[in-house]
Amino acid sequence: MPGLPEGTYLALMSHSGSRGTGGEVAKHYSALARRLHPELPRALGHLAWLGLDTDEGREYWAAMELMGRYSAASHALIHAAVAGSLGLTPMRSIENHHNFAWREIHDGREVIVHRKGATPAGRDVYGIIPGTMVDPAFVVEGLGNPMSLCSAAHGAGRVMSRKEALARFRRSDLEHVLKERGVRLLSGGLDEVPMAYKDIREVMAAQADLVRIRGTFLPRIVKMAK
Ligand SMILES: Nc1nc2c(ncn2[C@@H]2O[C@H](COP(=O)(O)O)[C@@H](O)[C@H]2O)c(=O)[nH]1
Ligand SMILES: [Mn+2]
């Protein structure tokens with residue numbers, strides 16, 4: 001990574017969004033879009049839109065951006081609090097917005113790129129691609145591939161839903177894999193067991209034309225929301 005010699009470092013990775021607030025904003029403006037497009041058949045109501053040349057559309061865009069800054073600020077506070085309590089000063093920080101929309105130029109046109117389950121991977125843009133609670137997460141450098149609109153996969157991705165994971169696995173399955181991989185889990189539900197995700201190494205190999213791996217995190221202590 002620029003400004004950081006090759007070596008072994010202690011890293012803190014936090015991963016969350018606006019914890020529901022952004023979803024409420026989206027719900028509010030989606031309902032407004034539906035009301036403003038009564039001509040749409042009921043079954044297509046969820047495709048209603050707000051033009052960015054309208055007051056409502058501009059307001060939605062500003063509210064969405066605010067939610068992005070709110071999420072980033074939450075991460076900054078978490079990192080400052082943990083670093084402060086350890087008496088450490090971070091040498092390098094990476095903030096990686098994802099599951100978000102951006103106004104960008106592609107092929108000479110200004111477009112809105114909505115990366116859902118995807119993360120920005122523009123040339124020289126640094127990001128993080130997580131695996132699971134026992135598998136590596138990667139610091140990546142985007143290659144700016146126009147074929148993916150300068151995007152990469154956000155994470156390993158699931159092989160089963162949260163509901164299926166809850167039904168299939170027991171606490172003892174999770175404890176077994178944590179012990180085997182030397183990871184201490186402070187809290188976490190069975191819906192996020194490592195077996196519910198794809199193999200992150202295969203996912204990284206499949207997107208070698210989108211990002212270059214510049215660092216690897218090996219999880220040691222993990223805390224999930226619940
Ligand atoms: N480092 C960790 N990564 C994890 C963990 N559980 C899931 N994941 C990865 O995150 C994405 C999910 O992202 P989301 O924004 O959709 O919630 C998923 O694809 C996994 O690769 C974990 O405990 N630690
Ligand atoms: Mn995420």
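The model is predicted, so local features need pLDDT of at least 70 and side-chain atom pairs count only at pLDDT 80 or more, while totals for chains, interfaces and linings use all residues. Residues are numbered from 1 along each chain as its sequence is written, chains are lettered from A and ligands numbered from 1 in written order, and side-chain values use heavy atoms, with hydrogens and water left out.

**Helix H2**

- Helices (H or I, at least four residues) and strands (E, at least two) are DSSP runs, numbered from the N terminus.
- Helix H2 covers residues 55–86, which is 32 residues, and reaches 47 Å from its first C-alpha to its last. That is close to the 46 Å expected at 1.5 Å a residue, where the expected span is 1.5 Å times one less than the number of residues.
- Among the buried residues of H2 are Trp-61, Met-64, Met-67 and His-75. Here buried means under 20% relative accessible area, exposed over 50%, and partly exposed in between (1.4 Å probe, protein chains only).
- The cover over these buried residues includes helix H1 (21–36), strand S1 (100–106) and strand S2 (109–115).
- Met-64 counts as buried because its relative accessibility is 13%. Leaving aside neighbours within four places in sequence, Met-64 is in contact (heavy atoms within 4.5 Å) with Phe-100 and Ala-101.
- After H2 comes Gly-87, whose phi is positive, near 70°.

**His-154 and the annotated sites**

- In an unreviewed UniProt entry, the annotation "active site" covers His-154. UniProt positions are given in the numbering used here, feature names are shortened, and annotations may be inferred rather than shown by experiment.
- You can find His-154 in the loop between strand S6 (151–153) and helix H3 (162–168).
- His-154 counts as buried because its relative accessibility is 12%.
- Leaving aside neighbours within four places in sequence, the contacts of His-154 include His-15, His-98, Asn-99 and Pro-130.
- The "binding site" annotation, also from an unreviewed UniProt entry, covers residues including His-98, Asn-99, Thr-132, Met-133 and His-154.

**Ligand 1**

- Of the 15 residues around ligand 1, Pro-130, Gly-131, His-154, Ala-156 and Gly-157 come nearest; a residue is near a molecule or strand if one of its heavy atoms lies within 4 Å of it.
- A polar backbone atom of Pro-130 is 3.1 Å from an oxygen atom of ligand 1.
- A backbone N or O atom of Ala-156 lies 2.7 Å from an oxygen atom of ligand 1.
- Glu-192 has a polar side-chain atom 3.3 Å from a nitrogen atom of ligand 1.
- On its own, ligand 1 has 520 Å² of accessible area, and the protein covers 77% of it. Accessible areas come from the Shrake-Rupley method with a 1.4 Å probe; for residues, only the protein chains shown count as cover.

**Other buried residues**

- Thr-132 is in the loop between strand S4 (126–129) and strand S5 (137–142), and counts as buried because its relative accessibility is 13%.
- Met-133 is found in the loop between S4 and S5, and counts as buried because its relative accessibility is 5%. Not counting residues up to four places away in sequence, Met-133 touches residues including Leu-174, Glu-192 and Met-224.
- Arg-115 belongs to strand S2, and counts as buried because its relative accessibility is 2%.

Note on methods: Polar contact = N/O pair within 3.5 Å; in protein donor to acceptor, adjacent residues only side chain to side chain.
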